[in-house]
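Here's a quick tour of a protein model, meant to be read with the viewer open.

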Amino acid sequence: MTYFPLSEAQRGWLERAETIAIEVLAPAAAETDRSTMFPRHQLDALRDAGFMGLRADPAHGGHGEGLLTTCLVIEALAKACPSTALVYKMHLESIEMVSRVPTLVQAEQFVPRLASGEWLSTVAGSEAGHQGGAWAGAAKSTVEKVDGGYRVTDIQKSFVTAAGVADSYFFMCSLPGEEGTRPRQLMFQLHTDDLTWSVDAPWDGLGMRGNNSSPMTFGGFIPDDRLLNPDGERVDFFPVVLGTYAATYLGIAAGCYDLLCGHIAGATLADGRRMGEVETIAARVANCKVEIERSRALLYAACAAFDEDRHGGPQPFYECKVACDQVGAFVTQEAMTLGGGAAFAKLLPFERYFRDARAGMVMGLAHDIAILNIGRLIFPRPKRDKT
Ligand SMILES: Cc1cc2nc3c(=O)[nH]c(=O)nc-3n(C[C@H](O)[C@H](O)[C@H](O)COP(=O)(O)OP(=O)(O)OC[C@H]3O[C@@H](n4cnc5c(N)ncnc54)[C@H](O)[C@@H]3O)c2cc1C
């Protein structure tokens with residue numbers, strides 16, 4: 001149950017997501033984590049139920065749903081299987097721009113396939129040594145402008161979720177500027193056949209193990225028509241990027257919390273007392289609940305305000321990302337403590353959530369960088385006089 005007022009349509013999406021989460025994602029989550037298996041059949045279930053085009057324009061086969069609906073769905077999926085939720089989130093994030101301002105070619109060739117889920121998409125942005133990954137503003141590897149497109153020479157991406165499995169990439173790179181000017185950041189929507197690519201190492205992460213977040217190398221030629229917004233139309237999709245990360249980490253906290261409550265309700269201490277009757281233990285669980293609801297309230301309110309055009313800036317979404325990655329780390333840590341040796345020995349399911357939650361501290365925008373950005377928005381640097 002959520003305290004936030006939801007429309008009938010939002011409740012409908014949430015209930016459908018919960019059904020898939022319970023019936024398809026949850027039963028396979030532990031094995032997906034253990035084996036690092038890519039969650040193919042979980043994504044197929046989401047595709048078959050129409051989730052892959054949740055946000056895409058209905059004119060191109062999507063559902064045109066808002067950010068609150070999107071975050072409700074991602075949270076529900078992450079409660080059951082954070083790895084699947086992350087792959088799904090990367091798909092939505094990566095097709096946001098091409099769904100909103102496609103060129104004619106993209107509207108015909110890309111958007112309907114991405115919205116129907118015939119093609120799975122992801123983000124190839126982060127590069128080693130970037131200090132903050134894809135969205136932190138550092139210049140990416142450069143491409144060369146040639147007739148009809150751009151030449152790509154051995155561009156190495158450090159982490160690409162769904163590496164080697166995705167059919168399409170939101171691909172970030174840069175074009176060297178004229179002397180004395182900054183490189184221009186370029187964004188493309190590619191099909192995998194557009195470039196040569198290799199997956200450079202198997203994915204064996206601490207958490208988020210079922211999503212092939214491997215390093216990749218790309219080369220070849222990108223046709224001009226893959227460039228997103230060639231007319232320079234500004235598309236601010238940072239709230240979508242950050243809000244969906246926040247929903248993933250909130251889901252991790254909420255999924256772990258539900259399991260923790262079940263455990264505490266049924267477990268007995270060595271002295272015979274039921275754990276839930278021990279006030280200090282009940283208080284720790286209550287504190288987890290308060291922290292989850294606090295973060296959830298912030299995220300849902302920020303999403304609703306965004307959907308209603310009541311704010312356009314990134315600050316609320318940096319705040320959501322920070323609040324939710326913190327609550328994911330906090331609740332899973334509490335569960336590991338209250339689960340005792342059984343949790344530590346992996347006999348209880350908390351350690352999987354605990355490891356998955358650690359991803360929130362380093363990605364998509366690292367926790368520390370999101371905090372820095374909030375500070376910069378509170379205390380903007382004075383503009384330098386250019387004269
Ligand atoms: C499971 C997983 C999946 C991922 N999937 C994708 C994907 O699909 N596509 C993609 O493009 N990327 C992906 N990434 C990459 C992710 O976005 C980056 O890991 C993240 O943005 C952090 O960048 P980094 O790893 O280079 O960390 P670094 O930049 O090396 O930072 C390490 C730490 O240094 C500190 N730090 C860094 N910069 C600063 C600073 N300026 N000021 C203060 N402290 C700082 C922070 O504590 C930070 O956590 C994925 C990562 C993971 C873990």
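What follows is a short briefing, grouped by topic. Keep in mind that this is a predicted model. Two places to start are the packing of helices H2 and H4 and the largest nonpolar core, which has 108 residues.

**How H2 meets H4**

- Helix H2 covers residues 40–48 and helix H4 covers residues 82–100; their axes sit 10 Å apart, at an angle of about 50 degrees.
- That makes the two helices oblique to each other, and the crossing of H2 past H4 is right-handed.
- On the H2 side, the contact comes from Gln42, Leu43 and Leu46, while H4 brings Thr84, Val87 and Tyr88.
- Sort those contact residues by type and you get four nonpolar, two polar and no charged.

**The nonpolar core**

- Which residues touch the most other members of the largest nonpolar core? They're Leu77, Ala253 and Leu299.
- Helix H7 (residues 238–266) is the top contributor to this core, giving 15 residues.
- Leu299 is worth a click: setting aside neighbours within four places in sequence, it's in contact with Cys71, Gly243, Ala246, Ala247, Leu250, Cys320 and Cys324.
- As background, nonpolar side chains tend to be buried together in soluble globular proteins.

**Loops with a positive phi**

- Thr36 sits in the loop between helix H1 (8–35) and H2, and its phi is near 55 degrees, a positive value in a residue other than glycine.
- Thr36 has 16 C-beta neighbours inside 10 Å, so it counts as partly exposed.
- Met208 also isn't a glycine, yet its phi is positive, at about 45 degrees; look for Met208 in the loop between strand S6 (195–199) and strand S7 (214–223).
- Is Met208 buried or exposed? It counts as buried, because it has 25 C-beta neighbours inside 10 Å and the cut-off for buried is 20 or more.

**A cis peptide bond**

- Met363 and Gly364 are joined by a cis peptide bond, with omega at about -10 degrees.
- Gly364 belongs to the loop between helix H11 (350–362) and helix H12 (367–378).

**An exposed glycine**

- Gly129 lies in the loop between strand S1 (121–124) and strand S2 (144–146).
- With 6 C-beta neighbours inside 10 Å, Gly129 counts as exposed.
- Going from Gly129 to Tyr353 takes you 224 residues along the sequence and 28 Å through space, C-alpha to C-alpha.

Definitions and conventions. Residues are numbered from 1 along each chain as its sequence is written. This is a predicted model: local features need pLDDT of at least 70, side-chain atom pairs count only at pLDDT 80 or more; totals for chains, interfaces and linings use all residues. Axes are lines fitted to C-alpha atoms, for helices over the stretch in contact, and angles run from 0 to 180 degrees between N-to-C directions. Helices (H or I, at least four residues) and strands (E, at least two) are DSSP runs, numbered from the N terminus. Angles under 35 degrees count as roughly parallel, over 145 as roughly antiparallel, 65 to 115 as roughly perpendicular and the rest as oblique. A crossing is left-handed if the near helix is turned anticlockwise from the far one by less than a right angle, and right-handed if clockwise. Two residues are in contact if their C-beta atoms, placed from the backbone, lie within 7 Å. Ala, Val, Leu, Ile, Met, Phe, Trp, Tyr, Cys and Pro count as nonpolar, Asp, Glu, Lys and Arg as charged, and the others, Gly among them, as polar. A nonpolar core is a set of buried Ala, Val, Leu, Ile, Met, Phe, Trp, Tyr and Cys residues joined through C-beta atoms within 7 Å. A residue is buried if 20 or more other C-beta atoms lie within 10 Å of its own, exposed if 12 or fewer, and partly exposed in between; C-beta atoms are placed from the backbone.
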